[in-house]
Amino acid sequence: MAALPGLVLQMLVLLLAFGGPGAAGQKRKEMVLSEKVNQLMEWASKRSVIRMNGDKFRRLVKAPPRNYSVVVMFTALQPHRQCVVCKQADEEYQILANSWRYSSAFTNKIFFAMVDFDEGSDVFQMLNMNSAPTFINFPAKGKPKRGDTYELQVRGFAAEQLARWVADRTDVNIRVIRPPNYAGPLVLGLLLAVIGGLVYLRGSNLDFLYNKTGWALAALCFVLAMTSGQMWNHIRGPPYAHKNPHTGQVNYIHGSSQAQFVAETHIVLLFNGGVTLGIVLLHEAATSGMDVGKRKIMCIVGIGLVLVFFSWLVSVFRSKYHGYPYRYV
């Protein structure tokens, strides 16, 4: 019994030397965290977007400890899934991740990952997720909040829009650097070559440059393209259409006034063109010197085009602005 106080004293000395049970647990957490960060950094050095299955996701994204954020794209890229939007979103996501990986500001504060449905269906079930693509930010502390789920239908999936969302959720600013695209310069060069060829062939006869009809058609095409929303598409990068994963139904008109599909702008352009053609026919019927019979036919056709296409335009407006009380027919 006399040796008991000495034994207790030795245990106290050992506890003080190693910091006690709490310090030992903290040291284990630091070791686990260090292993996780090193693993993610090693994968990120090989591929900007880390592919994860269920085990990797639970261990590196869901399970603590974690002092880094992980932006995860949940997608379905396999060909038999026929998810065109997933492929388009993946291209923009890769641009964003590469811009971060090869920037001078790259740190282990944030990582970009991907979970494909065919490689991690259990993750989709765990998160009660039934659509793709979906972007979620898993913050360094706590669980994802409402704002940590990217509003794809509203913002589109352009890399620049994703970068703004990432900056808002993580305070990490990423300057998006796109690979060079030579399509624009090639088209411009081709256009200049065509114009130069015409000038050369026509010689000194440049009367075609003063053709009012040609300039009017060019201006009309530009106005129709701009009023249909082509610039919005260029800035936001929305999907062409949306396919319901449950029913397979394809929607070409977005149900919200805050977003649109690419197909929707094509439809609106066609409807605006139909209305414009109808108005042109009405004008010709009223001012041309043709016989009365032809002018009547032009008038009837013009009225029909305006009536039909403007009615369809109003129907598109009603589908996006729910509760709109008016209709044309």
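Biologist: Where does D118 lie?

Modeller: D118 sits in the loop between β3 (110-116) and α5 (121-126). Those labels are DSSP runs numbered from the N terminus, with helices (H or I) of at least four residues and strands (E) of at least two. This is a predicted model in which local features need pLDDT of at least 70 and side-chain atom pairs count only at pLDDT 80 or more, while totals for chains, interfaces and linings use all residues. Residues are numbered from 1 along each chain as its sequence is written, and side-chain values use heavy atoms, leaving out hydrogens and water.

Biologist: Is D118 buried or partly exposed?

Modeller: Buried means under 20% relative accessible area, exposed means over 50%, and partly exposed is in between (1.4 Å probe, protein chains only). D118 counts as partly exposed because its relative accessibility is 36%.

Biologist: Which residues does D118 touch, not counting those up to four places away in sequence?

Modeller: Contact means heavy atoms within 4.5 Å. On that basis, D118 touches Q78, H80 and R81. For polar contacts, look for a pair of N or O atoms within 3.5 Å; within protein, one must be able to donate a hydrogen and the other to accept it, and residues adjacent in sequence count only if both atoms are side-chain atoms. The D118 side chain makes such a contact with the side chain of R81 at 2.9 Å, and another with that of H80 at 3.4 Å.

Biologist: What about E264, and which side chain does its own side chain meet in a polar contact?

Modeller: E264 is in helix α11 and counts as buried because its relative accessibility is 3%. Its side chain makes a polar contact of 3.1 Å with the side chain of K320. A polar atom of the E264 side chain also lies 2.9 Å from the backbone nitrogen of H254.

Biologist: How should I read two packed helices, say α9 and α11?

Modeller: Two packed helices are described by the angle between their axes and the distance between the axes. Axes are lines fitted to C-alpha atoms, for helices over the stretch in contact, and angles run from 0 to 180 degrees between N-to-C directions. Here the axes of α9 (residues 212-227) and α11 (residues 262-287) come within 9 Å and cross at roughly 135 degrees. That makes α9 oblique to α11; angles under 35 degrees count as roughly parallel, over 145 as roughly antiparallel, 65 to 115 as roughly perpendicular and the rest as oblique.

Biologist: Which residues of α9 and α11 meet?

Modeller: From α9 come L220, L224, A225 and T227, which meet L269, N272, G273 and T276 of α11.
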